[in-house]
Structures are given as structure tokens and as C-alpha cells.
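Here are a few notes to read with the structure open beside you. Take them one at a time, and find each part on screen before moving on.

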Amino acid sequence: MNAPVILDRRRVLAGGGALIVSFSLTGAFAEEKSPPGVVTAPKPPGSLKDAPLLDSWIRIEADGKITAFTGKAELGQGFKTAFQQIAAEQLDIPFASLTVVTADTHRTANEGYTSGSHSMQDSGTAILNAAAQARALLVAEAARRLDLPEDTLRTENGAVIAPDGRRLGYGDLVAGDMLHVQAQPTSKLKDPASFGIMGQPVPRLDIPNKVTGGAAYVQDMRPPGMVHARIVRPPSYGAQLTACDTAAVEKMPGVVKVVRDGNFLAVVATKEFLAVKAMRALSAAAQWKETASLPKQDDLLHVLATGLPSQDSVIFQHSNPSAVGRKTLEATYTRPYQSHGSIGPSCAVAQLVDDAMTVWTHTQGVYPDRQGIAEMLHMPQPSVRLIHVEGSGCYGHNGADDVAADAALIARELPGVPVRVQWMREQEHSWEPYGPAMVTKLKASLDENGAIADWNFEVWSNTHSMRPGGAGCLLAAQHIAQPFAVPPAKPLPLPEGGGDRNAIPIYTFPNAHVVHHFLPDMPLRISAMRGLGAYHNVFSIESFMSELALAAGADPVAFRLKHLDDPRGRDVVMKAAEGFGWREGQKAPPGHGYGFAFARYKNLAAYCAIATEIEVNRETGQPRLLRAVAAVDSGQAVNPDGLANQIEGAIMQSMSWTLFESVTFDDTRITSIDWQTYPILRFNSAPDSIDVHIINRPGLPFLGSGETGQGPAAASIANAIADATGKRLRNLPLTRKRIKDAIDA
Amino acid sequence: MMTLKVNGKDHVVDADPDTPLLYVLRDDLKLNAAKFGCGLGQCGACTVIVDGKAVLSCVTPLLLLDGKQVTTLEGLGTIEAPAPIQRAFMEEQAAQCGYCISGMMMRAQALLQRNSKPTDAQIRAELQPNLCRCGTHMRIMRAVHRASRLMDSADASPVIQRSAP
């Protein structure tokens, strides 16, 4: 590891911090071409590259109080605890002696959205390096004061310690602006072998409060004088409010105000249930003109693959004419629209005080959501503050941003008064932006040795992000009398991609051709859902790999390894197979099936392989997962129990999507509006066991693991069902009825 | 006006008799644990215990609670002195977002009060009405088994949390 280059702050500032001359750089570090004689400084790692001041991440007060800051939002993944572990480790302070502040537009760096399994990679890396560099600055200051060489000093328990035992506490050492300096491109990180906090299964900080009824969520906020609002949403996309006599509602007990602005309709009351009752009355009074605009739910294959205009691009092409296929397989896989299905409907609290709007929100992106809300309110962004407060798990872009906008719009009508808006269940289910429906068509040939000679993959999909940014992404802004137009959809760029996320195979094939058919038109409101396109693309690729293995007469695990060069990928595949007790040529007991699947999320984040055993009741078609064994490599594991929890959850949630879930609609309205009409997994579907094996990579970069299990879990289950029944199901969800129909066919 | 017994105390509540218990707990009594999830009795996030039985507070109107004992998660214990079920959920780290967890714990508590040694199958059957979206089911079941063991030990020692060295 390189020694830190500690620059004098004045010199850095004088140089603007952008160009630092004459580092000895290897070509690998120099990202951009520079004029001769001047070497552009490499950027510091993680989110430090966008927010390079150390005190954006770590602050130390004169009294020794230490705070770490992240622009990411805790959504139940547990990273707040992991970040505290990272900062404590690199600063050499006790775990409990610092606090972590999360996303707040007035306090933390702008780290965009908490999405794409980026939190550890972006923010965790920034905190890791900022903490290490802060420690180095403290040591340098102690060396100056003690007149001793830095390498004679050590740090421990929040102090720098000299060989003779003299101690200088961090609070004593820190001068006013010591940490207000640009981060350096490299840090003197601790040797992972010396870690005492990173790598330990530290209990999550938030759990004690959550299991004892503490105020833990934005839903639990009760600022003095708070009122309760409810929205009356249109009954369908594009519905126009033609008439609404609000007089009777305004006279109802507790009603403070009815807010009507175009198609935006809401009611405010002093107590929550009075607001619910008033909402029901207002809903009954509202008359809407609706338009039948939805596609045929039972024909999504044709709607997507032929019915909508598409922008086609070849995203991967590799040719080796010497490889010749002998036996060709083709398959088409479909995924319906699916809901995030947060257990707690979206909620926000907003208050306008002296022309400044504050919104407490469970958004995944305080800065971009602020931009949208400020634009909607025609307010300058600095006058709007968004503070993240936890909500129910979101798993992507649910109603969080929308309800924050609802609350701000209503709070503007009631200056000084905190307004809490709670969506109802049916509003969350019918108005959240869904995970987009997708179609994939695969075609591949096996050569005479049973290896894949050519591979063709085509995917049809909408974008997978319609997040704000602009106000046009917010429902309230779309519904007001002077509406903001929904911005045109854009495909998310590779290498991460959106609909084409994980569309490029990780396997090595002599010939491969991958096409992304991007569909700009969005018949249903859609946006980011955990894993984006990777869920369906990995489901398709990994189902097809097992189909090909069967056709080749090969074991599914051996067949994957035969085409997989990536050594970390191979390790994960072998670890999951070993943990499962996978044996080549094994046969599951009657009515049971074994499945296997693997992916590296985005082809650049965490690796995950999952082996499953499923039992299928041949009389009813009912499947039940008996056991799942996962292996995961997400680089350096900071909190192994938190990582295991994420993978366990990914398997359960992906199983729910895969076996049960599809958004339903008629030609006008969404009809899956609650848990009766949108069933998800319940306890009777929980397996007997889930084992997660972590392949720790001490000292290697954090890879991010929140979404890596979604695709492999789906395909592993599908493969196990195929093994149990002899029938291949390619249309999600793999419902009991579809399995039964396949068995009977 | 009616008097409602919650967590061993009488509360005079000024709410319409058709008000669901959930809103009274959250809005009038400022209790956080019972959660609004669906308002339809479909998800269990609002589960509390009434006279020893798990009840969906979002669909239970106030008028049905006259003279009955309501227990919420707050009534079981505190961070400093957690009940066995709370300690078990901490020790198993049985939460992700945790929004469903209060309801899970109350339903599990009601089960353990009438059957201190439930089988895995009994736990599954009991928790069937409660939804968890993060997929924490395996940990929740482990936590219920652990709570059962903790309740068994008469001198349940204080919470020992794994902590960083």
C-alpha cells in the first residue's frame, strides 16, 4: 500500500485541489489524458471523488466527539452499522464512540440515490478512506507537537500514543479546519489482519429500538401541532377530475382543509382516523373521467416484443467462426410487472417555516428528490431541505418520493404546520412505479463436445429508472393544474445498464450476440426495482444454461464451470455446490428437484451462486423450497451477519416474485390493489433452511451485495422445479397453477 | 369518551367508537410499535394482544374493546429490560427494515403464552397472517424458538449482545 501524501491545506487550496502536479503515476491510475508535462491527479476512491473534503465524511470535535457522515439512506440493509464499523476501525476508536449521520441535504454529501448495491462501494469506500486519512492527519499533527517521527507513534482508543506513553487525544489534536482538506487518491489503510471491528458480526444499531417500540420510522414522527393528510388519487392513469363538491367534507369533524389543485385532491384533519374518514367522503364526492389506456395483461409477450416501438442496439458481439454448433435450442422468457410491495405504505412529514420547506422522507435520494420537489413548488433548492428518516423497506423506487411531494404540496397550504401524509394500502399498490415487464429470447447451439458454440440473447424492456430529478417524475407534480410532463425515458447506460443489466453473459462463449430492445413507451408507471433488469436477465440466462446442460447431458454445475473463466466466480459456484452437497449425476428423491444458478451482479458487483432443493406436489402443482445454499463474494465483508441477512432476504423475496407475483390490470385500472389481489410469500412457503457461505476477501474493494441474490434465486428455483417435474416453465411467475398445467400437459 | 386499558394502564380516549384500535394506539396514545400496513387485516403489521389473543388492531373498532386488556410491544419490555421475545429478536438479529417485526413479535408472544414450546410447524401456522417483505422469515422463526427457550429459564439473565471488541 502506498504511504499517504499529506498536502498542506493552503497549498491544496491554492492549487484548487483539482490538479496536483507530479505524482509518480502508473498508467493504470491516470484515467484521463493530460497535456504533456502535467499529470492529472487520480481521483480519490468511492464517493470521495465527488465530495473530496474529508470533513464531508468525518468530523472530530474538540471534545473528542466523532461523527461519520453518509449521503446514503439506511433502508433496512444495515449499512449504517457497517459504516460505523468501518470508521471506528480505520480511526482506531471504540465502535460505540462515534455516530453516523445519514442522508440530509443540509448535512451530508450528495451521493445521489441509495441504489444499485452502491452504498458500500461508494459511501463505505469514502468513509474507509476518509477515516484512514483523518487518522494520518492526526498522527502527523501529534508527531509535530511531540517532535517525534510519525512512524514511532501509534493510535489506539481515540488517541495518538508516543513510545514513552504520552497520549494526545484526537479532540486535543484536531484543529478547527484540520479535516477540511481534499482527500488524497490513496490512503494508508490498516492491514486487514489487524482488524478488530471490520469483519465482525456487530449487532445492528437500529434493532433494539425497533423491537421495543421506539420511534424508528418517519411513520412514527409526531412533531408538535402535526396534522394528518390523506390523498384522493385518481382511479386510473390519466383520469381527470371533472367535479368534486367539497363542502360536505369541509364540514366533517376535525377537517382542517381540503386541497384541490387540478387532479390533485387531498384532505387534512386534526386526527389520523378523521383524515381517513374525510378521504373516503372526498373520494365518494369526486367524479373522474377515465381513459382506457392499458395493454392486455395476458399478452405481454406480444405487447413488449412486437407491440411497442423499440430502439435496438447490439450491446455485445463476439465472433469465432471456427466454433460450430450442432444442436440448437431456443427459448422465450417473460416477466410481468411486479410491485415493490412495501409492508408500510409510503409516508412523509413536511413543514413550511419562513418560506423554507423541510420534508422528512424515506426517499432513496434526498438530493434528487429535493430537486424535483423544489421545481414543483417553484422554490430555490436551498430553501428546501430533505431529511431521510427510515420507512418500511422499499427495494427500489416505491411511493417514497411521491408522498414526499404530496406532503410538501399540502404543507405549502398550511404554513408553519407539520403535515403528515400516509398513503393507504391501495394507493401504494396502484400508484407505485412497478418493476417493468420484460421479454427475453435466447438461442444457443452446442458443439460436438457439448460446449456452447454460439449464444444469442435479446431483451425487450422499458427503462428501469423514472426517478426524480425533475418534478415530472412526481405524481403530485403530474396531477396539479399546471402539471409537469413526465420526462422522456432513457435507457440506463452500460456497464451497469437497466433493462440490459446482466444481459451480457459472464460466461465465455466463442460466439455471442446480445441485443437490447429499449422500449421508450411506458403503458404502466414503472421505475427501479431491486436488481433492475438483472432479475429477469439472470433468470433467463441461468434457466437457459440449465436447459443447455440437460441437452448436452451435462451436470448443471460442471456445465457452468466449463464456460466460466472468472476465478472468483468459479470459487463461488464451487462453494455453493460444496455447501449443498452437490454431486455430479445426482438424482433428487421422487417429487423433489435440485436447482443451481449463478451470477455476478451487473458483471461488476458481488458474486452469488445459489443451490436449491424444491418439492413439488404433483397433484396440486404446489412447489415448496426445502433448502437453499448460497455462496457470496462481495469483497471485504464488513459485517458478515448483515451480509448473510441480505442474501437470506434476497432469496426469500426473489422466491416471492418468482412463484407468486404479477401486477394485474384491466384496460383502464390497476386491479392488484392489496395483498388479496397481489399475493406474496407467507410463512408456509419459508424453507426448512437457508445457508449462506461468505467468501471473504480481506483488503479487496467492497462490491455491494443488496441485489446480487435476486436473479440467481429465481433461476435456481426455476431449475429445481424443472428438475422435479421434467417441465420447463419460462413465464414468471411460476405459479402453482402454471406448474400444475405443465405437469398435466 | 371511553376508557381503554393498554399495557396495564387505563386511558381515557376521545375517539369515535368506530375508530380502529390501531389509530387510537398510534394517534391518541402515541405508541409506535403497532404499524399501519394495510388497514384491511391482510398483513399483520398492526398485531397487538387483546386478552391474550393476537388481534389485528387495524380492523378492530374501539367499541369492541370495552373492559378488555390491550397489550402492545411497548408493554412487554424496554431496551434496558427487554422481554424474552424482544431479547430473542435482538440476539437473532431478526429484522431488516423491521416494519413488520412488532406485529410478528406480538403474534409470536400470544402463541408462546398458550404454548411455550411450539414446533416449527406451529410457528409457521401461527405467523401465516403476518407478511414480511424483506424476507427475514428464517430469522423470525429462529427468534421465536429462542424466545421459547429464554422464557423457559427462570432466571433469564440480562441481554448479552454480541458487541465489537
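1. Which strands of chain A does helix α10 lie across? Bear in mind that this is a predicted model. Helix α10 of chain A, residues 400–411, lies across β7, β9, β10, β14, β15 and β17 of chain A. Its direction runs at about 30° to β14(A).

2. Now look at the sheet itself. In chain A, seven strands make an open sheet with mixed pairing, and their order is β9-β10-β7-β17-β14-β15-β16. The edges are held by β9 (255–261) and β16 (384–388) of chain A; each has a single partner strand, so one side of each is left without a neighbour in the sheet. From one strand to the next, the twist averages 20°.

3. A:His228 has A:Arg420, in β17(A), as its bridge partner. Another helix, α9 of chain A (residues 366–377), packs on the sheet as well, where it touches β15 and β16 of chain A. The direction of α9(A) makes about 145° with that of β16(A).

4. Next, step back to the domains of chain A. The chain is divided into domain 1 (9–205), domain 2 (218–291 + 340–431) and domain 3 (438–464 + 499–744). The centres of domain 1 and domain 2 of chain A, taken over C-alpha atoms, are 39 Å apart. Where these two domains of chain A touch, 14 residues of domain 1 are in contact with 14 residues of domain 2. The domain 1 side of that contact in chain A has four nonpolar, eight polar and two charged residues.

5. The axes of α13 (residues 534–552) and α17 (residues 710–725) of chain A come within 8 Å and cross at roughly 35°. The crossing of α13(A) past α17(A) is right-handed. Among the residues making the contact are A:Tyr535 and A:Phe539 of α13(A), and A:Pro712 and A:Ala718 of α17(A). By class, this contact of α13(A) with α17(A) has nine nonpolar, six polar and one charged residues.

6. Chain B has a domain assignment of its own: domain 1 covers 2–75 and domain 2 covers 84–152. Their centres in chain B, taken over C-alpha atoms, are separated by 20 Å. The contact takes 14 residues from domain 1 of chain B and 13 from domain 2 of chain B. On the domain 1 side in chain B, β3 (47–50) and β4 (53–56) are the elements that give two or more residues, and β3(B) gives the most, with three.

7. How do the two chains meet? Chain A and chain B each put 54 residues into the contact. On the chain B side, α1, α2, α3, α4 and α5 of chain B are the elements that give two or more residues. The residues of this side of chain B divide into 27 nonpolar, 19 polar and eight charged.

8. Finally, is B:Leu73 buried or exposed? B:Leu73 has 30 other C-beta atoms within 10 Å, so it counts as buried. Look for B:Leu73 in the loop between β5 and α2 of chain B. Leaving aside neighbours within four places in sequence, B:Leu73 is in contact with residues including A:Thr212, A:Gly213, B:Ala33 and B:Met105.

Notes
Residues are numbered from 1 along each chain as its sequence is written. Chains are lettered from A and ligands numbered from 1 in the order in which they are written. This is a predicted model: local features need pLDDT of at least 70, side-chain atom pairs count only at pLDDT 80 or more; totals for chains, interfaces and linings use all residues. Two strands pair if DSSP finds at least two bridges between them. Helices (H or I, at least four residues) and strands (E, at least two) are DSSP runs, numbered from the N terminus. Axes are lines fitted to C-alpha atoms, for helices over the stretch in contact, and angles run from 0 to 180 degrees between N-to-C directions. Two residues are in contact if their C-beta atoms, placed from the backbone, lie within 7 Å. Ala, Val, Leu, Ile, Met, Phe, Trp, Tyr, Cys and Pro count as nonpolar, Asp, Glu, Lys and Arg as charged, and the others, Gly among them, as polar. A residue is buried if 20 or more other C-beta atoms lie within 10 Å of its own, exposed if 12 or fewer, and partly exposed in between; C-beta atoms are placed from the backbone. Domain bounds come from an automatic or database domain assignment. A crossing is left-handed if the near helix is turned anticlockwise from the far one by less than a right angle, and right-handed if clockwise.
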